Amino acid sequence: MKRHRKLSVILIIVFAALGCIAFIAYSCLRAEYNRQAIEQLKDSLVSRTAPRLNRSATITIDGKQHVYTAEELGEETYYQYKGKTYEPGKENSLARLLFEENQDVSPDSLDKLIQVRHSDEKITKIVKNLSDTYNSQPQNGRIDTQGRITPSRQGHVLDTEKIQSDLTGYLKRATTDNFSASYTTTKTEPRWSSDDLKKVNTVISSYSTSFNSGSPRGANIRIAASRLDNHFLLPGESLSFLDVLYDESDGKTYQKSGAIFKGEIVQAKGGGICQVSTTAYASFLFAGIIPTKRFPHSLPVSYAPMGLDAALSVGGKDLLVKNTLKSPILISARTKGNVLNIHIKSYRNALNGYRYKPRAEQISKKKAKSYLDVYRKGKKVKTIFLSKDKYE
């Protein structure tokens, strides 16, 4: 009896052990099945987003390729499930959650989890970089201060609006194809070529004044004239005499000499250079070019009639000239002995048969009016009022 009881206990233990082993085996198999199911689900998520993550855009401009990844284009792919966002790389967490919640994991259902957002900022930055690289303004030919002609240069225009529109449209499409497009820049020609500038060879107006060449004032006039000489203006361009005559990049220095300040004669650095601006003012008027800014002195000067002088004062009075002709002009400012000569050069027919003659009328000891008479074929056709000046 005891032997049977002992055998029963042993059998119970054995069956219990076998049951435990079976349960453990089942649990292991179940866990492995779950792991494999989650792994497969994760792989499925990865495979469905990979085409979007890996797509790229190849932009070819004038034969040169520029390749951008989806990330560089500002495209972000992510998953969204029950209001929570899962970034690429977190597929395992999402797959586990979907599996545990026994969610529908059909391809269509997984596709609905995949979301895409775009950053217009990055596309704009790409397009700006392309614009900076390929867009260039045409460079007009110029004449430098040494009298040399600088050749003109073509410009290029890239249709960046088209590129931005194409890229934006591509990113908004649910395609997994890569983007590829070619573009070419359009050449733009300069308005003024080197050949045009070779025609700037005719003196269309001149004016001269005299000075004491051996004085500090004379030295200042020579420096100022050398700084103005060969300054070149295309139609519509302007020149500030303060900027030009006080440009010390040539290493030269003005001396102290007599200058007019608030109705008194004082010693000032650069005294005398107003004679250069005054002589130039008259020369411009003879070319039919009326400066946009001009000031009289506070006292009459000996080298010009009242009403036809042009004062300069740092921080105040300036002579500002804009080329209002339809052709380029070149300023020639030279001194020879005690004479300052300023010529305006342009095309032979730059004045179209017109002649211009400035004149001034003294109203009193301190007041004057100035005019510009316009002639054609020897007859005065018009008079332009210039200014009414008060010297005090």
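Biologist: Which residue is the bridge partner of arginine 359 in β20?

Modeller: In this predicted model, the bridge partner of arginine 359 in β20 is tyrosine 371.

Biologist: What makes β19 and β20 a pair?

Modeller: Two strands pair if at least two bridges are found between them. Nine bridges join β19 (residues 354-362) to β20, and the two run antiparallel, so they count as a pair by that criterion. They form a hairpin, with four residues between them.

Biologist: How do you know that β20 also pairs with β21?

Modeller: The requirement is at least two bridges. Strand β20 (residues 367-376) and strand β21 (residues 379-390) have ten, in the antiparallel sense, and therefore they pair. Valine 374 stands opposite lysine 382 in β21. The hairpin of β20 and β21 has two residues between the strands, and lysine 377 in the turn has a positive phi of about 55°.

Biologist: Why is threonine 209 called buried?

Modeller: Buried means under 20% relative accessible area. Threonine 209 has 7%, so the term applies. Threonine 209 lies in strand β11 (residues 202-210).

Biologist: What makes the approach of threonine 209 to threonine 279 a polar contact?

Modeller: The limit for a pair of N or O atoms is within 3.5 Å, with one able to donate a hydrogen and the other to accept it. The side chains of threonine 209 and threonine 279 make such a contact at 2.9 Å. Leaving aside neighbours within four places in sequence, threonine 209 is in contact with residues including Tyr303, Asn338 and Leu340.

Biologist: Why are β11 and β12 called edge strands?

Modeller: The open sheet has four strands in the order β11-β18-β17-β12, with antiparallel pairing. Strands β11 and β12 (231-233) each pair on one side only. The twist averages 20° from one strand to the next.

Biologist: Which residues of α4 are buried, and why are they said to line one face?

Modeller: The buried residues of α4 are Ile123, Ile126, Val127, Leu130 and Tyr134. Seen down the axis of α4, they fall within an arc of 95°, and therefore line one face of the helix. These buried residues pack against β1 (56-61), β2 (64-69), β8 (155-157) and α5 (160-172). The face turned away from the buried side carries the exposed residues Glu121 and Lys125.

Technical notes
Residues are numbered from 1 along each chain as its sequence is written. This is a predicted model: local features need pLDDT of at least 70, side-chain atom pairs count only at pLDDT 80 or more; totals for chains, interfaces and linings use all residues. Side-chain values use heavy atoms; hydrogens and water are left out. Buried means under 20% relative accessible area, exposed over 50%, partly exposed in between (1.4 Å probe, protein chains only). The arc is that of the directions from the helix axis to the C-beta atoms. Contact means heavy atoms within 4.5 Å. Axes are lines fitted to C-alpha atoms, for helices over the stretch in contact, and angles run from 0 to 180 degrees between N-to-C directions.
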